[in-house]
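Hi,

Here is the structure I promised to pass on.

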Amino acid sequence: FPRDVDAMLYLSQAMQAVAIKTGVECWRAQRPNCMGTLYWQLNDNWPVASWSSIEYGGKWKQLHYHMRRLYAPLAVMGLADDRIAAVNDTAEPVDATVDVERWSFDGRILGSKTVTATLPADGVFTWKGDEAIPADADEPSFLTMTLRTASGTYQNEWFFGRYKQYDLANAKVRVSVDGFRVTLTTDAPAFFVWANARGVPGEFSDNSFTLLPSRPTEIDFTPKGEVSADAFAQALSVMHLRQTY
């Protein structure tokens, strides 16, 4: 149960992101039966609690960061029938590799495999996730999937059950600030890691993501208007899913 009002508000945003992410990923993987999606809604035009992904003041909610990642022309995703899908929205075939890793919730890699494929133009390449790494392992686990192409990389995660069914590690996320660049490290997997500069208008280069041990993540903050690096550092906070209860 959420520990306080801040945790409840955070969880409402994570839940919204999960709900719309689940639908959009499923529909993207069904092309050509489904060739596109629109979600409700983009922004608010007055102060209100709503479905928007951008709040009234212009700040991105958790959902908007997820939308930017999962609407990328090249993307990888897990599906409810335990398939893994790599989607190519470009007009040309794309040579790709997908690194699949199975992680324990305390931060150990339990298995890994690399799948090589040519993604069809304007199409989808799928395979069974349990063929890459069995899902019926004795230890509770989740998958990370990293799609690598000549034009860049895209990472996603897949959980075999609901978040509340797992004993999430009480990860200790460490934060280092250099100007407007934030470096995050953790001793255990941390989910929906959310950086927030309360009262400072601006956006991060990425947010609401999974942070893994031994894999530091750097994000940059772009302020909207005049603000000092010291003011940004003082306003900065970082929260993740396990800290909500």
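Strand 3 and strand 4 make a hairpin with 4 residues between them, and Gly107 in the turn has a positive phi of about 105°. Helices (H or I, at least four residues) and strands (E, at least two) are DSSP runs numbered from the N terminus.

Before going further, a word on the source: this is a predicted model, in which local features need pLDDT of at least 70 and side-chain atom pairs count only at pLDDT 80 or more, while totals for chains, interfaces and linings use all residues. Residues are numbered from 1 along each chain as its sequence is written, and side-chain values use heavy atoms, with hydrogens and water left out.

Buried means under 20% relative accessible area, with a 1.4 Å probe and protein chains only.

**Aromatic pairs**

Rings of Phe, Tyr and Trp (its six-membered ring) pair if their centres lie within 6.5 Å; planes under 30 degrees apart count as stacked, over 60 as edge-to-face and the rest as tilted. By this rule there are 19 aromatic pairs. Take Phe142 and Phe191: their ring centres are 5.2 Å apart and their planes stand at 80°, so the pair is edge-to-face. This pair links distant parts of the chain, with Phe142 in strand 6 (residues 141-149) and Phe191 in strand 10 (residues 190-197), 49 residues apart. Phe142 counts as buried because its relative accessibility is 0%, and Phe191 counts as buried at 3%. Ring pairs also link Phe105, Phe142, Phe159, Tyr163, Tyr166, Phe191 and Phe192 into a cluster.

**One more place to look**

Which element gives the largest share of the lining of the second largest pocket? Helix 1 does, with 6 residues. A pocket here is an open set of points on a 1 Å grid over the protein atoms alone, where a 1.4 Å probe fits, with protein on both sides within 12 Å along at least five of seven lines; lining residues have an atom within 4 Å of a point. In total 36 residues line this second largest pocket, and Gln13, Glu55, Lys59, Trp194 and Asn196 lie nearest its centre.

Best wishes

How values were computed: Buried means under 20% relative accessible area, exposed over 50%, partly exposed in between (1.4 Å probe, protein chains only). Two strands pair if DSSP finds at least two bridges between them.
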